[in-house]
Amino acid sequence: MKIAILGGDGFCGWPTALHLSAAGHEIHILDNLSRRWIDTELGVQSLTPMDSIQERTRVWHAETGRRIHFHLIDLARDYERLKSWLAGERPDAIVHFAEQRAAPYSMKSDRHKNYTVDNNVNATHNLLNALVEIGLDAHLVHLGTMGVYGYSTVGAAIPEGYLPVTIETADGGAATQEILYPSNPGSIYHMTKCLDQLLFQFYARNDGVRITDLHQGIVWGTHTPETRRHPQLVNRFDYDGDYGTVLNRFLIQAAIGYPLTVHGTGGQTRAFIHIRDSVRCIEIALENPPDRGGRVAIFNQMTETHRVRDLAGIVASITGARIAHLPNPRKEMAENDLVVKNGKFLGLGLDPTLLRDGLLSEIVDVAKKFAYRVDRTRVPAVSAWTRDIAPLLDHDPEGLRLRSVS
(Lines give C-alpha, C1' and ligand atoms only; values in the text may rest on other atoms or scores of the structure.)
Protein backbone atom coordinates (compact mmCIF):
# COMPACT_ATOMS: atom_id res chain seq x y z
CA MET A 1 0.00 0.00 0.00
CA LYS A 2 0.91 3.64 -0.37
CA ILE A 3 0.53 4.99 3.16
CA ALA A 4 0.67 8.59 4.37
CA ILE A 5 1.94 8.92 7.96
CA LEU A 6 0.76 12.28 9.28
CA GLY A 7 3.00 13.33 12.16
CA GLY A 8 5.57 10.70 11.18
CA ASP A 9 8.45 12.53 12.88
CA GLY A 10 6.98 11.99 16.36
CA PHE A 11 7.30 9.46 19.18
CA CYS A 12 4.69 7.07 17.74
CA GLY A 13 4.82 8.19 14.11
CA TRP A 14 8.53 7.54 13.48
CA PRO A 15 8.65 3.87 14.59
CA THR A 16 5.34 3.28 12.79
CA ALA A 17 6.78 4.67 9.55
CA LEU A 18 9.83 2.41 9.87
CA HIS A 19 7.74 -0.66 10.73
CA LEU A 20 5.39 -0.22 7.78
CA SER A 21 8.27 0.55 5.40
CA ALA A 22 10.04 -2.62 6.52
CA ALA A 23 6.83 -4.52 5.77
CA GLY A 24 7.07 -3.40 2.14
CA HIS A 25 4.70 -0.42 2.01
CA GLU A 26 5.43 2.88 0.26
CA ILE A 27 5.66 5.42 3.07
CA HIS A 28 5.19 9.19 2.91
CA ILE A 29 5.65 11.26 6.08
CA LEU A 30 3.74 14.55 6.27
CA ASP A 31 4.81 16.68 9.23
CA ASN A 32 5.22 20.32 10.20
CA LEU A 33 8.03 19.38 12.65
CA SER A 34 6.18 21.19 15.43
CA ARG A 35 7.33 18.71 18.07
CA ARG A 36 10.90 19.87 17.44
CA TRP A 37 10.13 23.55 17.89
CA ILE A 38 8.15 22.74 21.03
CA ASP A 39 11.41 21.26 22.37
CA THR A 40 13.01 24.63 21.66
CA GLU A 41 10.15 26.47 23.33
CA LEU A 42 10.37 24.33 26.46
CA GLY A 43 14.16 24.40 26.54
CA VAL A 44 14.40 20.63 26.65
CA GLN A 45 15.51 17.94 24.22
CA SER A 46 14.85 14.28 23.67
CA LEU A 47 16.95 12.09 25.95
CA THR A 48 18.06 10.21 22.83
CA PRO A 49 19.94 12.33 20.25
CA MET A 50 17.74 12.92 17.20
CA ASP A 51 18.99 13.79 13.75
CA SER A 52 16.92 15.77 11.26
CA ILE A 53 14.09 13.94 9.54
CA GLN A 54 16.04 14.15 6.29
CA GLU A 55 19.06 12.45 7.87
CA ARG A 56 16.91 9.80 9.53
CA THR A 57 15.25 8.86 6.25
CA ARG A 58 18.64 8.85 4.52
CA VAL A 59 20.02 6.40 7.06
CA TRP A 60 16.93 4.20 6.69
CA HIS A 61 17.47 4.05 2.94
CA ALA A 62 21.17 3.23 3.41
CA GLU A 63 20.29 0.43 5.85
CA THR A 64 17.36 -1.12 3.99
CA GLY A 65 17.31 0.12 0.42
CA ARG A 66 13.79 1.41 1.07
CA ARG A 67 12.83 5.07 0.84
CA ILE A 68 10.62 7.03 3.19
CA HIS A 69 9.49 10.26 1.56
CA PHE A 70 9.16 13.44 3.67
CA HIS A 71 6.82 16.36 2.96
CA LEU A 72 6.79 19.52 5.09
CA ILE A 73 3.08 20.29 5.41
CA ASP A 74 1.13 21.86 8.29
CA LEU A 75 -2.23 20.07 8.25
CA ALA A 76 -3.93 22.65 10.44
CA ARG A 77 -2.92 25.64 8.30
CA ASP A 78 -2.03 24.41 4.81
CA TYR A 79 -5.40 23.04 3.71
CA GLU A 80 -4.94 23.70 -0.01
CA ARG A 81 -1.45 22.20 0.01
CA LEU A 82 -2.71 19.13 1.89
CA LYS A 83 -5.60 18.73 -0.53
CA SER A 84 -3.27 19.10 -3.51
CA TRP A 85 -0.85 16.50 -2.13
CA LEU A 86 -3.64 14.00 -1.46
CA ALA A 87 -5.13 14.56 -4.91
CA GLY A 88 -1.77 14.02 -6.58
CA GLU A 89 -0.51 11.04 -4.55
CA ARG A 90 -3.84 9.36 -3.71
CA PRO A 91 -2.59 7.15 -0.88
CA ASP A 92 -4.42 3.91 -0.10
CA ALA A 93 -4.35 4.59 3.63
CA ILE A 94 -3.60 7.47 6.00
CA VAL A 95 -2.34 7.16 9.57
CA HIS A 96 -3.10 10.32 11.54
CA PHE A 97 -0.70 11.13 14.41
CA ALA A 98 -0.51 14.84 13.60
CA GLU A 99 -1.86 16.29 16.84
CA GLN A 100 -0.30 17.94 19.89
CA ARG A 101 -0.25 14.90 22.17
CA ALA A 102 0.57 16.07 25.71
CA ALA A 103 -2.14 16.82 28.27
CA PRO A 104 0.19 18.88 30.51
CA TYR A 105 1.37 21.00 27.57
CA SER A 106 -2.25 21.66 26.62
CA MET A 107 -2.91 23.05 30.11
CA LYS A 108 0.16 25.27 30.53
CA SER A 109 -1.57 28.55 29.64
CA ASP A 110 -4.38 30.05 27.62
CA ARG A 111 -2.01 30.21 24.64
CA HIS A 112 -1.26 26.50 24.88
CA LYS A 113 -4.94 25.67 25.18
CA ASN A 114 -5.71 27.70 22.07
CA TYR A 115 -2.83 26.15 20.15
CA THR A 116 -3.86 22.60 21.04
CA VAL A 117 -7.48 23.13 19.98
CA ASP A 118 -6.52 25.01 16.81
CA ASN A 119 -3.87 22.50 15.76
CA ASN A 120 -5.66 19.27 16.62
CA VAL A 121 -9.22 20.02 15.57
CA ASN A 122 -8.30 21.89 12.40
CA ALA A 123 -5.82 19.20 11.35
CA THR A 124 -8.44 16.48 11.70
CA HIS A 125 -11.18 18.44 10.00
CA ASN A 126 -8.94 19.64 7.16
CA LEU A 127 -8.00 16.04 6.46
CA LEU A 128 -11.58 14.77 6.44
CA ASN A 129 -12.78 17.71 4.37
CA ALA A 130 -10.02 17.18 1.80
CA LEU A 131 -10.74 13.46 1.46
CA VAL A 132 -14.37 14.19 0.64
CA GLU A 133 -13.60 17.12 -1.66
CA ILE A 134 -11.23 15.13 -3.90
CA GLY A 135 -13.22 11.90 -3.69
CA LEU A 136 -10.38 9.86 -2.19
CA ASP A 137 -11.50 6.57 -0.66
CA ALA A 138 -8.49 6.08 1.62
CA HIS A 139 -8.75 4.22 4.91
CA LEU A 140 -8.05 6.68 7.72
CA VAL A 141 -6.49 5.27 10.90
CA HIS A 142 -6.42 7.79 13.74
CA LEU A 143 -4.44 7.56 16.96
CA GLY A 144 -6.80 8.60 19.72
CA THR A 145 -6.57 8.08 23.45
CA MET A 146 -8.12 6.08 26.28
CA GLY A 147 -8.57 9.49 27.90
CA VAL A 148 -11.74 10.12 25.86
CA TYR A 149 -13.48 7.80 28.32
CA GLY A 150 -12.19 9.66 31.38
CA TYR A 151 -10.86 7.96 34.47
CA SER A 152 -13.88 7.73 36.73
CA THR A 153 -14.81 4.48 38.42
CA VAL A 154 -18.03 3.06 36.96
CA GLY A 155 -17.83 -0.52 38.14
CA ALA A 156 -17.97 -1.99 34.64
CA ALA A 157 -15.52 -2.67 31.83
CA ILE A 158 -15.19 0.12 29.27
CA PRO A 159 -16.33 -1.22 25.87
CA GLU A 160 -14.52 -0.60 22.61
CA GLY A 161 -16.12 2.67 21.64
CA TYR A 162 -19.82 1.88 21.64
CA LEU A 163 -22.22 1.37 24.51
CA PRO A 164 -25.60 -0.41 24.24
CA VAL A 165 -28.31 1.62 25.97
CA THR A 166 -32.02 1.18 26.53
CA ILE A 167 -34.28 4.23 26.64
CA GLU A 168 -37.96 4.64 27.37
CA THR A 169 -40.13 5.42 24.36
CA ALA A 170 -43.05 7.83 24.26
CA ASP A 171 -45.56 4.98 24.57
CA GLY A 172 -43.89 3.59 27.68
CA GLY A 173 -42.00 0.86 25.87
CA ALA A 174 -38.24 0.46 25.50
CA ALA A 175 -35.85 0.99 22.62
CA THR A 176 -32.28 -0.26 22.45
CA GLN A 177 -29.47 1.32 20.48
CA GLU A 178 -25.68 1.70 20.54
CA ILE A 179 -24.16 5.10 21.24
CA LEU A 180 -20.62 6.36 21.56
CA TYR A 181 -19.38 5.71 25.07
CA PRO A 182 -19.92 9.03 26.90
CA SER A 183 -16.92 11.31 26.64
CA ASN A 184 -15.31 12.59 29.83
CA PRO A 185 -12.12 14.47 28.89
CA GLY A 186 -9.64 15.35 31.62
CA SER A 187 -7.68 18.04 29.76
CA ILE A 188 -7.84 20.29 26.71
CA TYR A 189 -5.80 17.70 24.82
CA HIS A 190 -8.27 14.95 25.70
CA MET A 191 -11.15 17.24 24.76
CA THR A 192 -9.74 17.62 21.24
CA LYS A 193 -9.73 13.83 20.88
CA CYS A 194 -13.38 13.78 21.94
CA LEU A 195 -14.13 16.36 19.25
CA ASP A 196 -12.27 14.15 16.77
CA GLN A 197 -14.70 11.35 17.61
CA LEU A 198 -17.68 13.49 16.63
CA LEU A 199 -16.00 14.59 13.39
CA PHE A 200 -15.36 10.96 12.52
CA GLN A 201 -18.94 9.94 13.25
CA PHE A 202 -20.27 12.70 10.99
CA TYR A 203 -17.96 12.08 8.03
CA ALA A 204 -18.40 8.31 8.19
CA ARG A 205 -22.18 8.63 8.23
CA ASN A 206 -22.53 11.58 5.85
CA ASP A 207 -19.80 10.86 3.31
CA GLY A 208 -18.89 7.21 3.77
CA VAL A 209 -15.31 7.90 4.86
CA ARG A 210 -13.68 4.67 6.13
CA ILE A 211 -12.27 5.42 9.58
CA THR A 212 -10.62 3.43 12.36
CA ASP A 213 -10.17 5.26 15.68
CA LEU A 214 -7.62 3.76 18.07
CA HIS A 215 -8.09 4.67 21.73
CA GLN A 216 -4.53 4.17 22.93
CA GLY A 217 -3.19 3.84 26.45
CA ILE A 218 0.04 5.40 27.72
CA VAL A 219 3.00 4.26 25.64
CA TRP A 220 6.13 2.97 27.34
CA GLY A 221 9.44 1.80 25.94
CA THR A 222 11.54 3.33 23.20
CA HIS A 223 12.89 0.56 20.95
CA THR A 224 11.27 -1.35 18.11
CA PRO A 225 13.17 -3.84 15.93
CA GLU A 226 13.46 -1.16 13.24
CA THR A 227 14.76 1.64 15.49
CA ARG A 228 17.46 -0.76 16.74
CA ARG A 229 18.92 -1.17 13.25
CA HIS A 230 21.14 1.91 13.48
CA PRO A 231 21.94 4.46 16.23
CA GLN A 232 20.61 7.29 14.07
CA LEU A 233 17.21 5.59 13.75
CA VAL A 234 16.61 5.72 17.51
CA ASN A 235 13.20 6.94 18.64
CA ARG A 236 12.77 10.08 20.70
CA PHE A 237 12.58 9.66 24.49
CA ASP A 238 10.76 12.39 26.42
CA TYR A 239 11.42 12.71 30.15
CA ASP A 240 10.21 16.23 30.97
CA GLY A 241 7.11 17.07 32.98
CA ASP A 242 5.07 17.99 29.92
CA TYR A 243 5.81 15.22 27.41
CA GLY A 244 7.39 12.39 29.36
CA THR A 245 4.98 9.49 29.93
CA VAL A 246 4.80 8.25 33.50
CA LEU A 247 6.69 4.97 33.23
CA ASN A 248 9.47 6.35 31.04
CA ARG A 249 9.77 9.31 33.45
CA PHE A 250 10.16 7.00 36.43
CA LEU A 251 12.93 5.12 34.67
CA ILE A 252 14.94 8.21 33.75
CA GLN A 253 14.45 9.59 37.25
CA ALA A 254 15.88 6.37 38.66
CA ALA A 255 18.80 6.49 36.23
CA ILE A 256 19.91 9.96 37.37
CA GLY A 257 19.33 9.41 41.09
CA TYR A 258 16.20 11.54 41.20
CA PRO A 259 13.26 10.46 43.39
CA LEU A 260 10.31 8.94 41.52
CA THR A 261 7.67 11.66 41.47
CA VAL A 262 4.26 10.25 42.38
CA HIS A 263 1.61 12.96 42.30
CA GLY A 264 -1.20 12.77 44.83
CA THR A 265 -1.90 9.33 46.26
CA GLY A 266 -0.66 7.55 43.14
CA GLY A 267 -4.00 5.79 43.02
CA GLN A 268 -4.65 6.88 39.44
CA THR A 269 -5.08 3.77 37.29
CA ARG A 270 -3.93 4.08 33.69
CA ALA A 271 -3.86 1.86 30.62
CA PHE A 272 -0.47 1.05 29.05
CA ILE A 273 1.00 -0.35 25.85
CA HIS A 274 4.58 -0.91 24.69
CA ILE A 275 5.73 1.07 21.65
CA ARG A 276 6.38 -2.08 19.63
CA ASP A 277 2.79 -3.23 20.28
CA SER A 278 1.55 0.22 19.30
CA VAL A 279 3.13 0.00 15.83
CA ARG A 280 1.85 -3.57 15.42
CA CYS A 281 -1.68 -2.40 16.27
CA ILE A 282 -1.47 0.25 13.57
CA GLU A 283 -0.48 -2.44 11.08
CA ILE A 284 -3.36 -4.72 12.17
CA ALA A 285 -5.83 -1.84 11.84
CA LEU A 286 -4.60 -1.09 8.31
CA GLU A 287 -5.08 -4.74 7.38
CA ASN A 288 -8.69 -4.72 8.63
CA PRO A 289 -10.42 -1.59 7.27
CA PRO A 290 -14.13 -1.00 7.81
CA ASP A 291 -16.49 -1.11 4.84
CA ARG A 292 -17.30 2.12 3.05
CA GLY A 293 -20.51 3.46 4.53
CA GLY A 294 -20.00 1.49 7.74
CA ARG A 295 -19.65 3.04 11.15
CA VAL A 296 -16.32 4.13 12.61
CA ALA A 297 -14.33 1.12 13.81
CA ILE A 298 -13.09 1.73 17.37
CA PHE A 299 -10.37 -0.30 19.10
CA ASN A 300 -9.04 0.05 22.64
CA GLN A 301 -5.30 0.00 21.95
CA MET A 302 -3.90 -1.08 25.32
CA THR A 303 -2.54 -4.25 26.88
CA GLU A 304 -2.63 -3.77 30.68
CA THR A 305 -3.55 -1.37 33.47
CA HIS A 306 -1.58 -0.28 36.54
CA ARG A 307 -1.86 2.21 39.37
CA VAL A 308 0.82 4.90 39.31
CA ARG A 309 2.04 4.05 42.82
CA ASP A 310 2.37 0.39 41.83
CA LEU A 311 4.49 1.36 38.82
CA ALA A 312 6.71 3.45 41.07
CA GLY A 313 7.05 0.45 43.36
CA ILE A 314 8.09 -1.79 40.47
CA VAL A 315 10.73 0.67 39.26
CA ALA A 316 11.97 1.27 42.80
CA SER A 317 12.37 -2.47 43.37
CA ILE A 318 14.43 -2.80 40.16
CA THR A 319 16.59 0.30 40.55
CA GLY A 320 16.66 1.09 44.27
CA ALA A 321 15.21 4.55 43.64
CA ARG A 322 13.30 6.43 46.31
CA ILE A 323 9.71 7.63 45.86
CA ALA A 324 8.52 11.20 46.46
CA HIS A 325 4.80 11.97 46.93
CA LEU A 326 3.99 15.43 45.60
CA PRO A 327 0.84 17.53 45.02
CA ASN A 328 -1.09 16.52 41.91
CA PRO A 329 -1.07 19.22 39.19
CA ARG A 330 -4.11 17.60 37.56
CA LYS A 331 -7.75 17.99 38.50
CA GLU A 332 -8.79 14.34 38.79
CA MET A 333 -9.98 11.67 41.19
CA ALA A 334 -7.37 10.65 43.75
CA GLU A 335 -8.18 6.97 43.20
CA ASN A 336 -9.84 5.18 40.31
CA ASP A 337 -10.27 1.71 38.90
CA LEU A 338 -9.95 1.10 35.18
CA VAL A 339 -11.29 -2.04 33.56
CA VAL A 340 -11.00 -2.02 29.78
CA LYS A 341 -12.09 -4.39 27.03
CA ASN A 342 -9.39 -4.94 24.39
CA GLY A 343 -10.53 -8.14 22.72
CA LYS A 344 -10.53 -6.82 19.15
CA PHE A 345 -6.76 -6.57 18.72
CA LEU A 346 -6.19 -9.78 20.66
CA GLY A 347 -8.65 -11.52 18.36
CA LEU A 348 -6.75 -10.23 15.32
CA GLY A 349 -3.45 -11.67 16.47
CA LEU A 350 -1.78 -9.14 18.78
CA ASP A 351 0.67 -10.88 21.15
CA PRO A 352 1.02 -8.30 23.95
CA THR A 353 4.29 -7.13 25.43
CA LEU A 354 3.72 -6.78 29.19
CA LEU A 355 5.75 -5.24 31.98
CA ARG A 356 6.49 -8.69 33.34
CA ASP A 357 8.29 -9.55 30.08
CA GLY A 358 11.39 -7.80 31.37
CA LEU A 359 11.71 -4.94 28.89
CA LEU A 360 12.00 -2.33 31.64
CA SER A 361 15.70 -3.10 31.83
CA GLU A 362 16.27 -2.02 28.22
CA ILE A 363 14.77 1.39 29.00
CA VAL A 364 16.96 1.67 32.10
CA ASP A 365 19.96 1.00 29.85
CA VAL A 366 18.89 3.77 27.45
CA ALA A 367 18.28 6.13 30.35
CA LYS A 368 21.71 5.46 31.86
CA LYS A 369 23.47 5.76 28.48
CA PHE A 370 22.09 9.22 27.82
CA ALA A 371 21.66 10.49 31.38
CA TYR A 372 24.27 13.18 30.68
CA ARG A 373 21.71 14.86 28.40
CA VAL A 374 19.15 15.33 31.18
CA ASP A 375 18.28 18.82 32.37
CA ARG A 376 17.18 18.12 35.95
CA THR A 377 15.18 21.36 36.13
CA ARG A 378 12.84 20.02 33.43
CA VAL A 379 11.95 16.81 35.25
CA PRO A 380 9.13 18.10 37.54
CA ALA A 381 5.56 18.33 36.29
CA VAL A 382 4.56 21.95 36.89
CA SER A 383 1.71 22.59 34.42
CA ALA A 384 -1.33 23.11 36.66
CA TRP A 385 -4.87 22.26 35.55
CA THR A 386 -6.42 25.20 37.46
CA ARG A 387 -5.12 28.42 38.98
CA ASP A 388 -5.82 27.29 42.53
CA ILE A 389 -3.61 24.22 42.06
CA ALA A 390 -0.59 26.15 40.74
CA PRO A 391 0.59 27.56 44.13
CA LEU A 392 0.75 24.01 45.54
CA LEU A 393 3.35 22.84 43.05
CA ASP A 394 7.01 22.73 43.96
CA HIS A 395 9.18 24.38 41.33
CA ASP A 396 12.44 23.36 43.03
CA PRO A 397 13.25 19.88 41.71
CA GLU A 398 16.22 19.22 43.96
CA GLY A 399 14.00 20.08 46.92
CA LEU A 400 12.35 16.71 46.38
CA ARG A 401 15.32 15.20 48.19
CA LEU A 402 14.30 17.01 51.36
CA ARG A 403 10.53 16.61 51.43
CA SER A 404 8.00 13.78 51.40
CA VAL A 405 10.50 11.17 50.31
CA SER A 406 9.77 7.54 51.16
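**How two helices cross, and how the chain folds**

Mentor: Welcome! In this predicted model, helix H1 (residues 13–22) and helix H9 (residues 275–287) have axes that come within 9 Å and cross at roughly 55°.

Trainee: Why is H1 called oblique to H9?

Mentor: Set the angle against the cut-offs: under 35 degrees would be roughly parallel, and 65 to 115 roughly perpendicular. The crossing is at roughly 55°, which makes H1 oblique to H9. The crossing is also right-handed.

Trainee: Which residues of H1 and H9 meet?

Mentor: From H1 there are Pro15, Thr16, His19 and Leu20, and they meet Ile275, Val279, Arg280, Ile282, Glu283 and Leu286 of H9. Sorted by class, this contact has 6 nonpolar, 2 polar and 2 charged residues.

Trainee: And the whole chain: how many helices and strands are there?

Mentor: The protein chain has 12 helices and 14 strands.

Trainee: What share of the residues is buried?

Mentor: Buried means under 20% relative accessible area, and 57% of the 406 residues are buried.

Trainee: What share of contacts with a separation of 6 or more comes from residues 24 or more positions apart?

Mentor: Such residues account for 82% of those contacts in the protein chain.

Methods:
Residues are numbered from 1 along each chain as its sequence is written. This is a predicted model: local features need pLDDT of at least 70, side-chain atom pairs count only at pLDDT 80 or more; totals for chains, interfaces and linings use all residues. Side-chain values use heavy atoms; hydrogens and water are left out. Axes are lines fitted to C-alpha atoms, for helices over the stretch in contact, and angles run from 0 to 180 degrees between N-to-C directions. Helices (H or I, at least four residues) and strands (E, at least two) are DSSP runs, numbered from the N terminus. Angles under 35 degrees count as roughly parallel, over 145 as roughly antiparallel, 65 to 115 as roughly perpendicular and the rest as oblique. A crossing is left-handed if the near helix is turned anticlockwise from the far one by less than a right angle, and right-handed if clockwise. Contact means heavy atoms within 4.5 Å. Ala, Val, Leu, Ile, Met, Phe, Trp, Tyr, Cys and Pro count as nonpolar, Asp, Glu, Lys and Arg as charged, and the others, Gly among them, as polar. Buried means under 20% relative accessible area, exposed over 50%, partly exposed in between (1.4 Å probe, protein chains only).
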